[in-house]
Amino acid sequence: MGELVNKCSTCLELGHLNQMATQTVHGAQFAARVSNCETCVEINKKGKCREKNKGVVLESDYHKSENSSFVHSVINMVGMLIGLGQLSTPYALEKGGWSSAFILVGLGMACAYTSYLLGKCLQEDSTSKNYQDIGEQAFGRRGRIIASTFIYLEIFFALVSYTISLSDNLSLVFAGTRIELPWLHLSTTQILTVIAVIVALPSIWLRDLSSISFLSFGGIIMSLLIFSTVGSIAVFGGVKANKSIPVLHLSKIPEISGLYLFSYAGHIVFPNLYKAMKDPSKFTKVSITSFALVTALYSALSFLGAKLFGPSVSSQITLSMPPHHIATKIALWATILTPMTKYALEFAPFAVQLEHSLPPSMSSRTKTLVRGAIGSTLLLLILVLALSLPYFEHVLGLTGSLVSSFICLVFPCVFYLKICWRRVGIAAKVLNVMIIVVGGVFGITGTVSSSRSLIESIQRAHSR
């Protein structure tokens, strides 16, 4: 029996993403209006009745689903992919050597392929709407739990990385400023970071997600500003791009692979983008075009940054730019404002699920208070971690290796093989197994390397 029975009052798909123009992968999912969905029941091909977990499915504020054109889809996918990772690619290339660019390009190709696999999985079950649904489609409730766990881990670590970036760039913007509070044993930079997070804290309490959508649009504008200012430094900044780049530092490859992987983190939103397309058959072309553009962008930025600053290049390219140049000031402020637009966006998935888990008898006002209080507590925890672990490259590399390697490479292949095994050719099976192995190797070795570097940095700081 292949018929589908929907007992759903408003079971809505994620609609047109043009209103979002989101920089981060998580904000894109939740910068639209949330609709409450009752239970959807599917009678699958085996005649067994499957109840999908009660969840949150999204529709944009002003558009119905399935009306995103090819161009809009490319713009949105590129916007999702370009984010925090662009700051670290010059550092990764210089540390790993210019030949590590082949890894950057290779990972871009692999991630484009795995995004295609997610689309194939969605074709197998029309009720699957998002990344977690595909996990459940493959391995039942256990698959959903695993997928959700990794998604929330990526959200958490991404917010810690954003806060570290905020702190690092604040120290340059307010260089020479001195703030002392006798009752608070914090440095000036730490106090400024605390103030910035407190300023951003009210956004956590937002219930109007159209406001969050506005924050999302601001985030992608900041990202484009950062990229443009780096290029202007090369042309007008008086810095010559004549530094030599080593061929290969093999010992650095495990750690920088995490930085490269994080740069392509976007797969948890791709199912929603697929569902929003007017013609889903063009999703493969959208993936190829988007990843080609982003890979070219990353490659150009990484070589440009490495050639401009050489071994002195910082883990964030903005920290290496000439401090008194107007383009540098623009880039620094853009990098500071970006994290402040992300807290509400990144917290939204957890907040929505939290609110739905609260008792129905609880008033809307009480739910808002609970939601805001827990969100504020989590943000303060993230602030404490960021101030305690101010090592951007290690935390970002750990996030890419520990989480993104599995979300972007391993899980899509595993889900696809489990769902479509009988229809997958031998060559495709071999290719998928190879990607799983490569993703697993990068994930494990990168996690070990980044963790070791992080621990060593902490020990050096405490020994001073």
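**View 1. Isoleucine 458 sits in helix H14, which spans residues 426–463.** Helices here are DSSP runs of H or I with at least four residues, numbered from the N terminus. The model is a predicted one, where local features need pLDDT of at least 70, side-chain atom pairs count only at pLDDT 80 or more, and totals for chains, interfaces and linings use all residues. Residues are numbered from 1 along each chain as its sequence is written, and side-chain values use heavy atoms, without hydrogens and water. Isoleucine 458 is partly exposed because its relative accessible area is 24%, between the limits for buried (under 20%) and exposed (over 50%), with a 1.4 Å probe and protein chains only. Leaving aside neighbours within four places in sequence, isoleucine 458 is in contact with Leu389 and Tyr391; contact means heavy atoms within 4.5 Å.

**View 2. Helix H4 (residues 101–124) meets helix H10 (residues 283–309).** Their axes, lines fitted to C-alpha atoms over the stretch in contact, come within 9 Å and cross at roughly 160°. That makes H4 roughly antiparallel to H10, a label for angles over 145 degrees on a scale from 0 to 180 between N-to-C directions. Look for Gly108 and Cys111 of H4, and Phe291 and Tyr298 of H10, among the residues making this contact.

Technical notes
Helices (H or I, at least four residues) and strands (E, at least two) are DSSP runs, numbered from the N terminus. Angles under 35 degrees count as roughly parallel, over 145 as roughly antiparallel, 65 to 115 as roughly perpendicular and the rest as oblique.
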